[in-house]
Amino acid sequence: MSPTPLAALSALGWILAALLLQYVLCRRLIMATARHLAEQLPLSFHYPTRDVALTLAVAGAGLTALGIAWAVSWANGENLLSLFTEHLLPLQLPIGILLGLGEASVSMLLSSLALAVFRPWRQRQIGPDLINELRTIGRAGWVRAYRQTLQIWPAPLGWASIALALLGEELLFRGLAVRLLAPEGFPFALVASTFLFVAVQAQGMPSWFSALPAMCGALVIGPINAWLFMTVPNILPLEIAHLTFFCSHDFIISPLRCS
Amino acid sequence: MNGLIPIPELETSLLAALLLLHASPVMLANRLAALLEPIRRVSPLWLYVVVLGMLIGGDLVLISPDLHRIAWPTQALAVIVGLLGGELGFWLDQVVTTLLRKASRDTSRPLRRLPPILGPSPSWGAVLSLNPLQAADATGSTVTRTLLTRGEFLPPLVVAVGILEEIAYRWAFPWLLGFVLPWRELPGLLCGLMIANLFYGLIHLSFGSRTIFTRWLLGLLFAALVLMSGSVLAASIAHGLFNWLAMKATLAERRRPITFVRSHPGGF
């Protein structure tokens, strides 16, 4: 049976609802809860409460994404668990590491290019403040939350939180978006899921200019992971690639070096 | 793909990983240098050679064990063509760079208006402490020149980089692209060479936009050598010679003052 426009709209509607729920409603709820929790934790005596709250929000965002992905999959008759268990080959996991390294290197190249291209434009907008903005690139917005997570929490907990948050992204954009849009055709699923993935990277960033590196990263990870997910529908190699991508970035390396 | 991976499910993942790794190995080398820096200071160029070597080794072992037989035919003429190509490439690069310099008053350092903070003789750590995105933006050519004047770039290493880059960008990468491009035979090869050449130009971003263009032009010359000779040997010799000549030219300019770009003043 060929897909109908109504089916495509329905799939898009489900995906947009899931993303709005995760990145608008849940985000506010998570931050409010995290702030409340952070005030109760003894860590707040050593670190600013806002920073502790940010780190709690990282894990919280992962959990809500997991829940939303499961609920939407269930509503559409899809089995979320099969994304972890089916089509898994042990050799895919080391290839996932290679994939993450490759994605990181190309995204760094694209980020540098995007910053070089848009810098004159941004300089006309904000003048000499550009240098301050360049200094904060890779250290602001949600990237800061990931940095703080590694600095504040013990390494296993910090990495587990980050892995959970990245798993949430993979489930929402590949496990959900690509899978629901796949019946409408591979190019549409790839383009739509990548567009949405790139768009959400800008949320929480201080400016469009400082969001450029994250958006470039999403522009590389989005289509590649979608392509691979369509080939082998298992989320674990993609999660490993995403985690490796993060590990190889300077905003992860720098705090480790400092500690 | 007639390699050691007979499992079809793994082919696409491996192909995607190799394509990405071939597109920008220099960034991977820079990241490795940053990771290793707390343990041991290693020149990014050494790591670049290691990364390129590992990539080419991976191509040979994992994907196509017979790649070496195609890539290195016995061609005495290719050596002469390669030497001539290297000289021609260096001359072309000098002419185009001079013309572009005359056409534009802009220097190769994009953030030149920013006041210097690292001082005239910065430490390696200070150079590495720059945000990599800013570093890629502003310091590539300066760091290279500094390392050259410190004698950290050995001539055989510089020549080896040229040879390995040719194997990676003019043979392995276009060949891998052939698996995903819709065209076959000559159009597919040409398209693969153009895409690979685009990335080859872009990896010189840290040296300024002018260098992207000149290296892209140079890549076209090397690609023409590959197409004409049917092997990567002539282009490898040409690139190795070009790198050696370019290094000599850079060393000749070592007396020029070095100005580093301002970094962030303290912690975060």
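Visitor: What does Tyr48(B) touch?
Guide: Leaving out residues up to four places away in sequence, Tyr48(B) touches Pro25(B), Val26(B), Ala29(B) and Val161(B). Two residues are in contact if their C-beta atoms, placed from the backbone, lie within 7 Å. This is a predicted model, in which local features need pLDDT of at least 70 and side-chain atom pairs count only at pLDDT 80 or more, while totals for chains, interfaces and linings use all residues. Residues are numbered from 1 along each chain as its sequence is written, and chains are lettered from A in the order in which they are written.

Visitor: Which residues touch the most other members of the largest nonpolar core?
Guide: Tyr48(B) is one of them, and others include Ala57(A), Leu172(A) and Ala168(B); the core has 130 residues. Such a core is a set of buried Ala, Val, Leu, Ile, Met, Phe, Trp, Tyr and Cys residues joined through C-beta atoms within 7 Å, where buried requires 20 or more other C-beta atoms within 10 Å of a residue's own.

Visitor: Which helix gives the most to this core?
Guide: Helix 9 of chain A, residues 208–231, gives the most, with 14 residues. Helices are DSSP runs (H or I, at least four residues), numbered from the N terminus.

Visitor: On another topic, where does UniProt place the "transmembrane region" feature in chain B?
Guide: The unreviewed UniProt entry places it at several stretches, among them residues 186–207 and 213–246. Such annotations may be inferred rather than shown by experiment.

Visitor: How far apart are the end C-alpha atoms over residues 186–207 of chain B?
Guide: They are 32 Å apart, and the chain there is 77% helix. Over residues 213–246 of chain B, the end C-alpha atoms are 16 Å apart and the chain is 91% helix.

Notes: A residue is buried if 20 or more other C-beta atoms lie within 10 Å of its own, exposed if 12 or fewer, and partly exposed in between; C-beta atoms are placed from the backbone. Helices (H or I, at least four residues) and strands (E, at least two) are DSSP runs, numbered from the N terminus.
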